[in-house]
Amino acid sequence: MSELAQTAKKHNLTLEQAMQLKSVIQQTWEYIGYDFVECCGGEDEALKIFNSHAHMIAEATVDADRLRDHGDVDWFYNLEGNQLQIAADIYEARFW
């Protein structure tokens, strides 16, 4: 696990963008997480589908533009590169 500032730099984001993205991912997951896991047949089954907890959350929150429901993150959807990986890395990064 890396620091948020390092992860932001890795993906050419500002620290402010990384903090906003992390916050919106967390808010979105809080809103949809239970239903998402239940649709997969439970947490153990959901984690079998994805490489990690962070990748599961990235897939669930980034897909279908769900992040837009919880923050002004249009800039994120316009980024070049693998948005799911960026989201997973940002979600997994610690603040310090």
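1. The model discussed here is predicted, and the points that follow should be read with that in mind. On the H2 side the contact involves Ile-25, Thr-28, Trp-29, Ile-32 and Phe-36, which meet Met-56, Ile-57, Ala-60 and Thr-61 in H4. By class, the contact of H2 with H4 has seven nonpolar residues and two polar ones, with no charged residues.

2. H2 also packs against H6, and here the axes come within 9 Å and cross at roughly 90°; H2 and H6 are therefore roughly perpendicular to each other. From H2 the contact draws on Ala-18, Leu-21, Lys-22, Ile-25 and Gln-26, while H6 contributes Ile-86, Ala-87, Ile-90, Tyr-91 and Glu-92. The residues of the contact of H2 with H6 divide into seven nonpolar, one polar and two charged.

3. The largest nonpolar core has 27 residues, and those with the most contacts inside it are Leu-21, Trp-29, Leu-67, Phe-76 and Ile-90. At least two residues of this core come from each of helix H1 (4-10), H2, H4, helix H5 (74-77) and helix H6 (83-92), and H2 gives the most, with seven residues. In soluble globular proteins, nonpolar side chains tend to be buried together.

4. Trp-29 deserves a paragraph of its own. At 14% relative accessibility, Trp-29 counts as buried, because the cut-off for buried is under 20%. Leaving aside its neighbours within four places in sequence, Trp-29 is in contact with Phe-36 and Val-37, and also with Met-56, Ile-57, Ala-60 and Thr-61.

5. Which residues form one aromatic cluster? They are Trp-29, Phe-36 and Phe-50, and a search of the whole structure finds four aromatic pairs. The rings of Trp-29 and Phe-36 have their centres 5.9 Å apart and their planes at 65°, so this pair is edge-to-face. For Phe-36 and Phe-50 the ring centres are 6.0 Å apart and the planes are at 40°, so the pair is tilted. Because Phe-36 lies in helix H2 and Phe-50 in the loop between helix H3 (43-49) and H4, the latter pair ties together parts that are 14 residues apart in sequence. Phe-50, at 17% relative accessibility, counts as buried.

6. Thr-7, which is found in helix H1, counts as buried at 4% relative accessibility. Not counting residues up to four places away in sequence, Thr-7 touches Ser-2, Asp-89, Ile-90 and Ala-93; among these, Ile-90 is also one of the residues with the most contacts inside the largest nonpolar core.

Key:
Residues numbered from 1 in each chain as written. Predicted model: local features only at pLDDT ≥ 70, side-chain atom pairs only at ≥ 80, totals over all residues. Heavy atoms only, no water. Contact = heavy atoms within 4.5 Å. Helix = DSSP H or I, 4+ residues; strand = E, 2+ residues; numbered from the N terminus. Nonpolar A, V, L, I, M, F, W, Y, C, P; charged D, E, K, R; others polar. Core = buried A, V, L, I, M, F, W, Y, C linked by side-chain atoms within 4.5 Å. Buried < 20%, exposed > 50% of the residue type's maximum accessible area, 1.4 Å probe, protein only. Phe/Tyr/Trp six-rings, centres within 6.5 Å; stacked < 30°, edge-to-face > 60°. Axes fitted to C-alpha atoms, helices over the stretch in contact; angles between N-to-C directions. Parallel < 35°, antiparallel > 145°, perpendicular 65-115°, else oblique.
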